Amino acid sequence: MRASGKVCKTPVMNVPYTAGVTPDVLLVIFAGLLGLLVGSFSNVLIWRLPRGENIAFPPSHCPNCDHRLGVTDLVPVFSWLRLGGKCRYCKSPIKARYPVVELLTGIGYAAIAALFPPLTVGWGALGLMVLFTLLLVGSAIDLDTYTIPDELTLPGVALGVLFGVLNGRAGVEGLPDLAGAVQGALLGAGVVVAINQFGSWVLRRFRERSWPEFPIGYQQISLGLLAGAWLGPWWGAGVGLLSALVNVAARRVIRIPELLTLGGLLVSVMLGSAGYGPGMILMVQGALAAAGAVSLACGVYWWIHWRRHREDDGASDDANVDASAMGFGDVKLAAVIGAFLGWERLLLALVVAVFAGAIFGVAQLALRSENRVKFGPFLALGAVVALLWGGALIGSYREMLGL
């Protein structure tokens with residue numbers, strides 16, 4: 001504007017510029033949105049894996065009317081709310097679990113990105129998000145079917161070891177490197193399978209197994225426990241696998257009495273505590289790691305065998321099994337947790353899982369509702385506690401012991 005030949009200028013205030021959103025905050029928001037999308041895919045896994053369906057084909061459809069879902073039907077959380085929890089086409093109800101899984105995954109991913117900033121820990125943050133998805137999907141399937149699919153756990157162990165390699169190359173603190181991931185996986189499987197072995201022995205009233213597996217199974221795991229106590233994890237695992245090769249050569253099961261293997265392990269630990277052999281701590285570590293290695297070998301073999309002979313396995317085969325204290329899916333899930341979190345957080349996860357499972361089991365018995373506990377969700381709960389607060393809890397424990 002001109003007045004009297006002069007230009008009038010509006011005064012400008014010098015306001016300092018401040019960035020409102022930091023890169024770390026942006027990544028937390030992005031992780032939350034990514035979690036919502038992954039949660040939607042997790043629902044696909046929860047529905048299809050137990051039924052042996054392809055997870056990619058056919059495209060998403062209503063399980064009741066099989067009508068293919070459109071893009072607007074697949075928006076995480078909001079589609080369920082907008083449709084009132086019903087299918088757009090057949091009006092059948094849609095479980096509330098769908099938006100719950102999506103929300104939990106979004107919140108979980110955002111929390112991981114906040115506690116483990118991707119710009120600091122790199123690929124480790126993505127690995128923890130993968131672990132969170134495996135835990136959530138495995139828990140939901142276990143609640144429905146009393147099973148945890150091998151398609152989740154065995155590749156999950158491999159992924160945990162892979163992220164261990166990446167953590168080691170990046171020098172990430174607080175997350176396991178390759179050696180830590182392998183050690184965590186073996187000890188995770190070993191601790192749970194040892195509980196199963198002794199618990200099952202008690203359930204059978206210390207009688208031998210009636211239906212030992214061929215060529216590899218629980219007998220080889222018990223042998224690995226005993227051999228690992230004296231020879232260390234790798235030689236102990238080798239002894240267990242050698243026993244499986246002997247079964248193959250003999251074309252039958254060569255029985256190994258559990259009075260010898262499990263009873264021998266108890267005697268070995270007592271000898272180790274008295275100063276004989278490698279020492280009690282090393283003997284326990286060697287026994288658990290060796291048993292964990294044989295267990296994972298069993299898991300891989302049974303997975304391949306089941307996929308090849310899926311149609312031949314009938315319901316009658318389910319009767320020809322010995323009493324078991326825990327499901328073998330729990331063994332492999334513990335290996336996944338150990339591979340991603342390392343042995344220290346694994347032990348914390350197991351302590352939380354055992355206490356939570358025991359409280360729930362006592363409540364179940366009091367209500368006389370059921371006499372079996374689905375342990376997978378409690379393992380997942382323990383792993384989440386160890387993931388989010390494990391560093392602080394372990395640090396406090398060490399400080400209390402003066403370490």
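This is a predicted model: local features need pLDDT of at least 70, side-chain atom pairs count only at pLDDT 80 or more; totals for chains, interfaces and linings use all residues.
**Confidence first**

I began with the confidence scores: the chain has a mean pLDDT of 90, and 92% of its residues reach 70 or more.

Then I went through the elements. (Helices, H or I with at least four residues, and strands, E with at least two, are DSSP runs numbered from the N terminus.) Helix H8 (residues 218-231) has the highest mean pLDDT among them, 98, while strand E1 (residues 2-3) has the lowest, 44. Over residues 1-13, pLDDT stays under 50. For that stretch the model has four contacts beyond four places in sequence; a contact means heavy atoms within 4.5 Å.

**Cavities**

How many cavities of 30 Å³ or more does the structure hold? I found two. (On a 1 Å grid over the protein atoms alone, a cavity is a set of points where a 1.4 Å probe fits but cannot get out; lining residues have an atom within 4 Å of a point. Grid points are joined across faces, edges and corners, and a volume is the space filled by probe spheres set on the points.)

The largest cavity has about 40 Å³ of space. Its lining includes Gly124, Phe163, Asn167 and Phe340. Helices H5 (123-145), H6 (150-170) and H12 (328-341) each give two or more residues to that lining, and H6 has the largest share, with four. I sorted the lining into five nonpolar, five polar and no charged residues. (Ala, Val, Leu, Ile, Met, Phe, Trp, Tyr, Cys and Pro count as nonpolar, Asp, Glu, Lys and Arg as charged, and the others, Gly among them, as polar.)

The second largest cavity has a volume of about 40 Å³. Leu134, Ile148, Thr153 and Val336 are among the residues that line this cavity. H5, H6 and H12 are the elements giving two or more residues here. This lining splits into five nonpolar, two polar and no charged.

**A bent helix**

Where is the kink in H14 centred? I traced it to Trp389, with a bend of about 75 degrees. (The bend at a residue is the angle between axes fitted to the seven residues ending there and the seven starting there.) H14 (residues 375-401) spans only 30 Å between its end C-alpha atoms, whereas a straight helix of 27 residues would span 39 Å at 1.5 Å a residue. Just after H14, I saw that Gly402 takes a positive phi of about 75 degrees.

Conventions:
Residues are numbered from 1 along each chain as its sequence is written. Side-chain values use heavy atoms; hydrogens and water are left out. pLDDT is the predictor's confidence in each residue, from 0 to 100. On a 1 Å grid over the protein atoms alone, a cavity is a set of points where a 1.4 Å probe fits but cannot get out, and a pocket is an open set with protein on both sides within 12 Å along at least five of seven lines; lining residues have an atom within 4 Å of a point. The expected span of a helix is 1.5 Å times one less than its number of residues.
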